[in-house]
Amino acid sequence: GKKIAVMTSGGDAPGMNPAIRSVVRTAIYYDMDVIGIKHGYSGMIEGNFEAMYRGSVADIIHRGGTILHSARCPEFETVEGRKQAIENLKREGIEGVVIIGGDGSLQGAEKLAEESDIRVVGIPGTIDNDLGGTDYCLGFDTAMNTVIDGVNKIRDTATSHERTFIIEVMGRHSGDLALMSGLASGAEYILIPEIKFSSKDVCDKIQQGYERGKLHSIIMVAEGVDEDLKPNRKKSESPAFDLSNEIEERTGLETRVIILGHLQRGGSPTAMDRILASRMGFEAVKLLRDGKNKLMVGYRNHEIISTSLSEVLKEKDKINHEIVELAHILSL
Ligand code: F6P
């Protein structure tokens, strides 16, 4: 049979493990050999490969993170780096690779397929949910639930002290996680990079809320608004703190900041992420079996589909503007 490989790359996301499990077990079912590539593209360049069996993926369906480990790998952005990786894959007899990751990882996947005869199929895995060709990326549902759980707890203390809380949510260039979890947790205000906002409007709305007798306010801020508010911000400076200072100055209300950070990347994948991962892994292997190339598996309108990588990478601004309006109306 054919020999394929599976790899996780970029920021990890809950759901990667069930996807690896599905790829490995589907491949074995169809009589293919399957290799795990460790540490993303770095492992591809270093030849860090490991044969995978049914038992290699036992007891991981419920675990966050990725048993194959992950990395961000600037070396793969160079022609030399990719040449080395291709050489290693060829030597190992690998004909196709399933790459689970986000935007940068799939860009790398496309290059790999263009510069060799190795076939690639991508699986969208990122809590940012910012890829085209799919309604959901692996990890998004779990991360949303983690954020909501955090906001529930913050609400308790926010009410007791009648404070305004600014909650910073991950999403480097995308506000989808902040938007959807903001809607689901009843935030007063949701600030995302895709939508222009003025901090004066934020302050006015918060103030009006308190005048009407609200006991607390929750403001969700996507970390990606960074670039709008203050380009080249240092890692230690967060947009949430700037906003907090401004609110205190303008309104005199007591505010607190919480940055949810990397806890949003961990945790046992939800049912939705496990099912999606299992289905996507299955589809990715079938595409490679059928000789398909340069595709990403996706989930649209309750169906598993596939889209060319070039199209996936072109799609921008995935924000659902009806949801933006809805979140606004419900928080008035
Ligand atoms: O892409 C996922 C993500 O968690 C972003 O939301 C965030 O900006 C980035 O990764 C953080 O990257 P790192 O884990 O490398 O610090």
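How far is an oxygen atom of the ligand from an N or O atom in the side chain of E223? Select E223 and the ligand together: the separation is 2.5 Å, a polar contact in the sense of a pair of N or O atoms within 3.5 Å.

Before going on, note that this model is predicted, with local features needing pLDDT of at least 70, side-chain atom pairs pLDDT 80 or more, and totals for chains, interfaces and linings using all residues. Residues are numbered from 1 along each chain as its sequence is written, and side-chain values use heavy atoms, leaving out hydrogens and water.

Next, pick R72, where a polar side-chain atom sits 2.8 Å from a ligand oxygen. R265 also places a side-chain N or O atom 2.8 Å from an oxygen atom of the ligand. Alone, the ligand exposes 400 Å², and the protein buries 77% of that (Shrake-Rupley areas, 1.4 Å probe).

Now widen the selection to the residues surrounding the ligand, including T126, D128, M170 and H262; each has a heavy atom within 4 Å of the ligand.

Then move to I167. Its contacts (heavy atoms within 4.5 Å) include V151, I154, M220 and L260, leaving aside residues up to four places away in sequence. I100, I167 and M220 touch the most other members of the largest nonpolar core, which has 57 residues. Such a core joins buried Ala, Val, Leu, Ile, Met, Phe, Trp, Tyr and Cys residues through side-chain atoms within 4.5 Å, buried being under 20% relative accessible area with a 1.4 Å probe, protein chains only. Apart from that core lies another of 28 residues, with I99 and C137 among them.

Finish on C137, buried at 0% relative accessible area.

Notes: Buried < 20%, exposed > 50% of the residue type's maximum accessible area, 1.4 Å probe, protein only. Polar contact = N/O pair within 3.5 Å; in protein donor to acceptor, adjacent residues only side chain to side chain.
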